[in-house]
Amino acid sequence: MTLIVRDERDVVEQQLAFHLAAGVDLVLVTDHASSDGTEEVLARYEREGAVHVTREPEGPFRQRDWVTRMARAAAVEHGADWVISSDADEFWWPRGGSLKEVLGSIPGRYGLVQSFVRHFVPTPADGRPFHERMTLRLAAEAPINDPRSPWRPFRKIAHRGHPRVEAVEGSHSVGGTGFVPLRGWYPLEVLHFPIRTAEQLERKGALWGSAVEKFYGSDEVAVGPGAAYHALAFRDSEGGRSRAVFEQLAVTGGGRYLAEDTRLRDALGRLAPDGPGALEFRRPTPSEDAAFAADAAVLGEADLIRVRRRLDALERRLGGLEAATGARLERGVRRLARRARRRGS
Amino acid sequence: MTLLVRDEADILEHWLRYHLARGIDVVIATDHRSADGTTDILRSYQRDGRVVLLREHGEVMQQAEWVTRMARLAATEHGADWVIASDADEFWWPRSASFAELLEDVPSRFGVVRGLMRQFVFCPGEGSVFERMTIRARPSADLTSPYHAQVKVVHRGVPDASVTVGNHDVEGLGLRLIRDWFPFEVLHFPIRNERQLVDKFRRRASSPDGQHIVKALDRLARGEQELLLAETAFNAAALEAGLRAGSLVRDVRLRNALRSIATTGSLRSPTPPNLLDDADLAEDATVALQFDGAAVLARRCAELEHRAAVLEHRGSVRGRLAGRLSRRLSRP
């Protein structure tokens with residue numbers, strides 16, 4: 001597993017403990033100048049041997065380069081069969097069997113496997129760690145396609161180890177491998193906790209904003225579909241609105257589009273405090289499978305909407321081309337007409 | 001469940017026993033000009049009320065129309081909660097639990113779920129089809145192959161359902177599809193003996209809906225029956241090689257189910273699939289989903305984007321050349 005962190009003290013311990021108990025052999029971490037205690041957690045895990053940390057000084061946030069570097073190192077230096085490029089707020093949950101067992105079951109000719117990202121909504125901060133209080137998961141019945149929403153439906157992928165793999169922004173695919181994706185099956189879920197406290201939301205916006213402000217346009221920061229949401233968080237943090245935004249987002253009770261999901265809380269509760277035992281992942285029941293399939297159906301519907309948007313963009317481009325062709329034709333006709341007049345005179 | 005059938009006496013009895021033992025309430029069957037005893041088998045089940053029999057005598061098979069009629073009948077006359085449109089060579093296998101339990105779990109906002117076709121290959125020989133043919137192929141992405149990748153649909157009973165040719169899609173009020181989930185497998189035995197192979201395709205000459213039918217008819221028209229046979233049949237050596245290479249998979253689930261029905265008269269719930277079963281299904285699903293509307297659209301969109309980019313590039317190159325030329329010409 002690879003991981004980029006910057007000041008993630010409220011999740012990094014849980015992140016590492018969970019994945020090491022879920023079947024991850026080694027976590028390669030790039031620490032981008034953390035100073036909130038994250039660096040101490042990393043150092044502790046590094047001493048235990050299951051985490052390798054590369055420290056990057058204050059400066060450009062070269063996400064794609066770092067993920068690529070780590071993913072290649074995982075394959076070349078550590079012989080990883082599979083690589084999961086994760087963020088600190090993501091918990092990769094295997095659907096029956098450990099991560100190792102699930103990935104080990106993928107037929108050899110397929111090199112990419114999809115995971116369905118499950119968004120957990122923020123709840124009011126009450127001093128408890130995020131995983132103990134954030135047990136409500138979004139179960140949208142239709143795709144949220146507002147690019148500024150943190151709740152857009154999306155997939156991430158895990159890939160086989162490959163020495164020339166290239167990271168793609170958002171980790172929905174990889175380049176450089178020729179790997180074929182296995183479709184029609186989501187054997188992994190990503191439990192995603194993007195917004196946890198007002199302070200964290202503010203920090204996230206500020207960090208992202210400063211990275212973009214300094215380096216936007218110089219190709220150092222990839223601006224993908226998630227960027228609009230980050231940009232919004234940045235503006236909120238600049239305008240001192242993070243707390244108000246958080247309070248608006250925080251959910252106090254259940255609701256039609258929210259499902260109680262205590263899996264991460266229970267899993268972390270089962271982990272011994274002094275070391276990562278092994279977690280067991282039971283197979284979902286047929287009913288759970290049906291509910292999961294219904295939730296995941298929004299991904300397919302979101303795909304259709306994305307295709308429609310691409311078609312809209314294509315139509316505009318064709319319009320531009322037609323206009324250019326029209327203008328050229330018009331110039332040609334005028335030229336001919338001038339020539340004809342000259343000859344006539 | 002609805003069934004469109006013509007001359008399939010070799011498997012029909014098994015088909016009826018299997019699906020009724022699996023918990024199907026009623027089979028509405030349309031018998032199209034059968035002359036091999038199929039009609040008698042259907043009549044014998046009609047007597048105890050499990051089969052409703054419709055008969056069609058016209059020359060041309062009007063599949064979509066007849067299947068749609070049966071689907072609507074199921075909803076309006078028989079109060080069916082769910083309707084499965086099947087052919088006689090398709091054995092529907094619920095992946096876990098029973099038909100009813102699986103379908104009960106589908107959230108009410110969805111009205112269509114899918115079955116993934118599992119293609120059992122033709123192994124020539126004597127004796128029962130299901131004792132002999134226990135090996136399936138990874139579905140082909142080549143639509144002219146009789147073993148090409150396909151999905152089938154199960155839908156809620158609604159009075160305005162319209163089933164498309166081949167039972168791959170259905171439209172109707174509230175029939176929203178769960179696209180990426182295959183709670184059913186459709187164990188498919190399209191080719192079972194040489195005679196049936198030839199008849200099967202000849203009969204479709206007036207309604208050749210499908211590239212595999214067009215190709216087979218073309219072979220037959222050229223007198224290439226041997227070639228058609230060679231392309232679809234697997235002998236012992238081919239089976240062994242395929243099993244080794246992973247392009248063929250041994251699958252005795254239906255054989256065992258039919259044995260159980262024959263000896264005990266009943267059928268146990270299917271064994272819930274494990275991780276490897278899921279991976280095996282996903283491998284076939286990946287091929288089928290290449291032909292899915294959304295995937296086809298995305299691919300065509302990408303092709304058009306590429307062509308637009310080429311045109312834009314040419315346009316800008318031409319523009320630069322023209323600019324350079326006109327500057328040069330305007331020099332004194």
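**A covered strand, a helix pair and some loops**

Modeller: Let me begin with β4(A), which is covered on both faces, since A:W82, A:I84 and A:S86 on one side and A:V83, A:S85 and A:D87 on the other are all buried; buried here means that 20 or more other C-beta atoms lie within 10 Å of the residue's own, exposed means 12 or fewer, and partly exposed is in between, with C-beta atoms placed from the backbone. Helices (H or I, at least four residues) and strands (E, at least two) are DSSP runs, numbered from the N terminus.

Colleague: Before we go on, what kind of model is this, and how are residues and chains labelled?

Modeller: This is a predicted model, in which local features need pLDDT of at least 70 and side-chain atom pairs count only at pLDDT 80 or more, while totals for chains, interfaces and linings use all residues. Residues are numbered from 1 along each chain as its sequence is written, and chains are lettered from A and ligands numbered from 1 in the order in which they are written.

Colleague: What is the mean pLDDT of chain B, and what ipTM does the complex get?

Modeller: Chain B has a mean pLDDT of 91, with 100% of its residues at 70 or more, where pLDDT is the predictor's confidence in each residue, from 0 to 100. For the complex the predictor gives an ipTM of 0.85 and a pTM of 0.87.

Colleague: Back to β4(A), then: which strands does it pair with?

Modeller: Strand β1 (residues 2–5) of chain A pairs with β4(A) in the parallel sense over 3 bridges, and A:T2 is the residue that stands opposite A:S85. Strand β8 (residues 155–160) of chain A is joined to β4(A) by 3 bridges and runs antiparallel to it, with A:A158 as the bridge partner of A:I84. Two strands are said to pair if DSSP finds at least two bridges between them.

Colleague: And how many residues of α9(B) are buried?

Modeller: Helix α9 (residues 236–245) of chain B is hardly covered, as the count of buried residues among its 10 residues is 0, whereas β4(A), residues 82–87, has 6 of its 6 residues buried. Just after α9(B) comes B:G246, which takes a positive phi of about 85°.

Colleague: Let's switch to the contact between the chains. How many residues does each chain put in?

Modeller: Chain B contributes 33 residues and chain A contributes 31, a contact being two residues whose C-beta atoms, placed from the backbone, lie within 7 Å. On the side of chain B that touches chain A, α4 (99–104), α11 (275–289) and α12 each supply at least two residues, and the largest share, 10 residues, comes from α12(B).

Colleague: At what angle do α12(B) and α10(A) pack?

Modeller: Helix α10 (residues 286–344) of chain A and helix α12 (residues 293–330) of chain B pack at an angle of about 25°, with their axes 10 Å apart; the axes are lines fitted to C-alpha atoms, for helices over the stretch in contact, and angles run from 0 to 180 degrees between N-to-C directions. The helices α10(A) and α12(B) are therefore roughly parallel to each other, a label for angles under 35 degrees. Among the residues of α10(A) that meet α12(B) are A:L304, A:L311 and A:L318, and the α12(B) residues in this meeting include B:L297, B:L304 and B:L311.

Colleague: New topic: where does B:R33 lie, and what is its phi?

Modeller: B:R33 lies in the loop between β2 (27–32) and α2 (38–47) of chain B, and has a positive phi of about 50° although it is not a glycine. Most residues other than glycine have a negative phi. B:R33 counts as partly exposed because it has 15 C-beta neighbours inside 10 Å.

Colleague: And B:A97, is that buried or exposed?

Modeller: B:A97 counts as buried, because it has 20 C-beta neighbours inside 10 Å. B:A97 is found in the loop between β5 (90–94) and α4 of chain B, and its phi is also positive, near 60°.

Colleague: Last one: how many helices and strands are there in chain A and in chain B?

Modeller: Chain A comes to 10 helices and 13 strands, and chain B to 12 helices and 12 strands. Buried residues make up 42% of the 345 residues in chain A and 37% of the 332 residues in chain B.

Conventions. Parallel < 35°, antiparallel > 145°, perpendicular 65-115°, else oblique.
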